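Have the structure open and follow along.

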Amino acid sequence: MNARPAPGSQVRPMRQTDLEAVSEIENRAYVFPWTPGIFRDCLRAGHQCWVLEAGTTLLGYGVLSAAAGEAHILNLCIAPEYQGRGHGRRLLRRLVDLARWHQAAQVFLEVRPSNPRAIQLYREEGFNEIGQRPNYYPAEKGREDAIVMAMELLPPE
């Protein structure tokens with residue numbers, strides 16, 4: 001496994017023209033994906049929507065909502081064929097930096113218990129489990145709980 005992001009990759013704001021590629025990754029990565037309309041609504045609502053690309057290839061994306069001193073990572077996804085190379089960590093750090101820029105005191109996220117790689121990444125980056133949301137996610141056999149994780153963002157010294 002190569003843990004370095006692709007050379008020449010960049011993180012930039014998501015555009016309307018990215019929605020088809022973003023939706024294609026979402027459909028390959030998740031059994032119960034967000035619809036293109038959800039991404040469109042996130043852009044319209046002014047959420048922080050970012051993509052990671054290398055050349056003309058979209059590697060992944062993230063969506064952050066920030067308001068009232070808090071931030072919430074709504075979606076963070078790397079295309080399955082590019083996972084395990086540090087791209088998720090890079091995008092996660094960008095979203096956390098954006099939360100700080102918005103003066104959030106905390107960043108929250110939900111993650112499926114069936115996604116141990118994501119849980120490990122979040123723990124390594126400073127997120128702690130603070131609770132669960134019962135029956136939060138659709139699952140093949142009904143519903144799956146969500147682990148709620150949070151990170152305290154310390155004010156600058």
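Predicted model: local features only at pLDDT ≥ 70, side-chain atom pairs only at ≥ 80, totals over all residues.

## A loop residue to start

Glutamate 81 sits in the loop between S4 and H3; helices (H or I, at least four residues) and strands (E, at least two) are DSSP runs, numbered from the N terminus. Glutamate 81 is partly exposed, at 39% relative accessible area. On that scale buried is under 20%, exposed is over 50% and partly exposed lies in between, using a 1.4 Å probe and protein chains only.

Residues are numbered from 1 along each chain as its sequence is written, and side-chain values use heavy atoms, leaving out hydrogens and water.

## Strand S5 and its partners

Strand S5 (residues 106-111) is largely enclosed by the rest of the structure, because five of its six residues are buried. S5 runs parallel to strand S4 (residues 70-78), and four bridges join them; strands count as paired if DSSP finds at least two bridges between them. To get from S4 to S5 the chain goes through helix H3 (residues 87-101), in a right-handed β-α-β crossover: with the strands pointing away from the viewer, the path from the first strand over the helix to the second runs clockwise.

S5 also pairs with strand S7 (residues 142-152), this time antiparallel, over six bridges. Here glutamine 106 has glutamate 152 in S7 as its bridge partner.

## The largest pocket

The largest pocket comes in at about 1300 Å³. A pocket here is an open set of points on a 1 Å grid over the protein atoms alone, where a 1.4 Å probe fits, with protein on both sides within 12 Å along at least five of seven lines; lining residues have an atom within 4 Å of a point. The volume is the space filled by probe spheres set on the points, which are joined across faces, edges and corners. Of the 43 lining residues, Tyr30, Leu76, Asn115, Ala118 and Tyr122 are the closest to the centre.

## Serine 23

Serine 23 is in helix H1 and is buried, with 6% relative accessible area. Beyond its neighbours within four places in sequence, serine 23 is in contact (heavy atoms within 4.5 Å) with Pro36 and Phe39.
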